[in-house]
Amino acid sequence: MQATAYTYDPETRSGSVLLDDGTPVEFGAEAFEAGGLLRLRPGQRVRIETEGSGSALRITLVTLQTF
């Protein structure tokens, strides 16, 4: 799934993304570190992997979108 980076805190290595429908979803440091990223800027397109649905949706991986 693709999303747009919305917030990122380099101290906690957590933040949030906006899904393409505009829904914000937060991610923790473990999802950020699973993607091997060093930093993230708001507005970057990212690829995310999730589990669960609805209010239980959880991001398990955040990485840069590559073509």
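The largest nonpolar core has 15 residues, of which Val17, Phe27, Leu40, Val46, Ile48, Ile59 and Val62 touch the most other members. Such a core is a set of buried Ala, Val, Leu, Ile, Met, Phe, Trp, Tyr and Cys residues joined through side-chain atoms within 4.5 Å, where buried means under 20% relative accessible area, exposed means over 50%, and partly exposed lies in between (1.4 Å probe, protein chains only). This is a predicted model, in which local features need pLDDT of at least 70 and side-chain atom pairs count only at pLDDT 80 or more, while totals for chains, interfaces and linings use all residues. Residues are numbered from 1 along each chain as its sequence is written, and side-chain values use heavy atoms, with hydrogens and water left out.

- Leu40 is in contact (heavy atoms within 4.5 Å) with Ala5, Tyr8, Phe27, Phe32, Val46, Val62 and Leu64, leaving aside its neighbours within four places in sequence.

**Strand pairing**

- S1 and S4 run antiparallel and are joined by three bridges, and two strands count as paired if DSSP finds at least two bridges between them.
- Val46 in S4 is the bridge partner of Ala3.
- S4 also pairs with S5 in the antiparallel sense, over six bridges, and in the hairpin of S4 and S5, which has six residues between the strands, Gly52 takes a positive phi near 85°.

**Glu51**

- Glu51 lies in strand S4 and is partly exposed, with a relative accessible area of 41%.
- The bridge partner of Glu51 in S5 is Arg58, and the side chains of Glu51 and Arg58 are also joined by a polar contact of 2.8 Å; a polar contact is a pair of N or O atoms within 3.5 Å, and within protein one must be able to donate a hydrogen and the other to accept it, while residues adjacent in sequence count only if both atoms are side-chain atoms.

**Arg13**

- Arg13 is placed in the loop between S1 and S2, and its relative accessible area of 25% makes Arg13 partly exposed.
- Phi of Arg13 is near 60°, a positive value in a residue other than glycine.
- Most residues other than glycine have a negative phi.

Note on methods. Helices (H or I, at least four residues) and strands (E, at least two) are DSSP runs, numbered from the N terminus.
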